[in-house]
Amino acid sequence: AVGGVDFLTGGYPAEYGDRMSGVMDISTVTGTGENINSVALSTLNARLYSEGSFNSDRGRWLVSARGWYPATILESSGVTREDLLTDYYDLLAKVDHRVSERSWLSGNILLAYDNLTFQTQDAEEFERVKAQYRSYDLWLNLRTDWKPALFSQTVLAGGRIRRDRTGSVIDIEEGTKEVDDHRDFDYVALRQDWSYTVSDRHYLKWGINLKVQDSEYDYWNELVVTDPEIIGDGDPIVETTEVLTTPSGQNYGAYLAHRFQAIEKIFVELGLRWDHQTFTDESQLSPRVNLLYEANPRTQLRFAWGRFHQSQRLNELLIEDGDTQFYPAQRAEHW
């Protein structure tokens, strides 16, 4: 279901913002238009893939669903499903349709579920840890060739990331211990990118992005422990923590870049990017310079310099450390 992956480890151009050390840009496959169906089953995983076309080949669709359940491996190593339960599922579905002679519109959905539960129990002690992760993403992508030299892409997206984490330990040296964790992160995002071929030697690209975010952190901690001879003179550790915080905010971004052929075999791209986060009320300017030298048809040398920033994500609060503050964006300079 993956059509291509661009992995940029540094010095990437201005359209990639709020990223400091690297970018992985993944695109879904367009589809061949042929009807293809496949099913794979094993003791460890299952996979369903299907694609085809409709409306006289003006529309295409694909579905990829996977499940992973390694119970067989666990049991062969002496661990039973009562001790450790883990499974993973995801679903990617896409419908792509030509809405005019110049435009394609696609609707996409990506769902993922990840579960891990560990439990052990004997006459004196009970331990249990459970973690569940769920993510839901939906997006619309409109691609338009306004004329041979002018192209735009508009993406409207929304989604939720949900994490549940329980914990618990009853009696490790006279204790209770408990963790409880619940986090929800919702977003709606709009992005638009334009490119314009001015001439054989000059190329412009620009764009904007907006993301509106809401989150909820519900964190509970307990630690009791006791003993020292059944608590003579009090204390041996009593800790209680309760946190409920619901931060929200917006991210804005815009960029402009000019790519041109400086002299024969040397191409230069000059770019400038601006980003802003409302939950820390700060802005960043990121100039970028990229240069390509075509030594011969088989060899290219690339050079880059730029300033790069990455803000703290709304779902990255370290509340388990009692930290409810968002910090200024990190900054890096790439050569």
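Residues are numbered from 1 along each chain as its sequence is written, and side-chain values use heavy atoms, leaving out hydrogens and water. Because the model is predicted, local features need pLDDT of at least 70 and side-chain atom pairs count only at pLDDT 80 or more, while totals for chains, interfaces and linings use all residues.

Let's start with the salt bridges (a side-chain nitrogen of Lys or Arg within 4 Å of a carboxyl oxygen of Asp or Glu). How many does a search of the whole structure find? There are 16 salt bridges, and the table shows some of them.

| Pair | N to O distance |
|---|---|
| Glu15 and Lys205 | 3.0 Å |
| Asp90 and Arg66 | 2.4 Å |
| Arg162 and Asp164 | 3.9 Å |

Strands here are DSSP runs (E, at least two residues), numbered from the N terminus.

Are Glu15 and Lys205 buried or exposed? Both are buried. Buried means under 20% relative accessible area, exposed over 50%, and partly exposed in between (1.4 Å probe, protein chains only).

In the next pair, Asp90 counts as buried at 12% relative accessibility, whereas Arg66 is partly exposed at 43%. Likewise, Asp164 is buried at 19%, while Arg162 is partly exposed at 26%. Elsewhere, Glu242 belongs to strand β13 (residues 239-245) and is exposed, with a relative accessible area of 63%.

Definitions and conventions
Helices (H or I, at least four residues) and strands (E, at least two) are DSSP runs, numbered from the N terminus.
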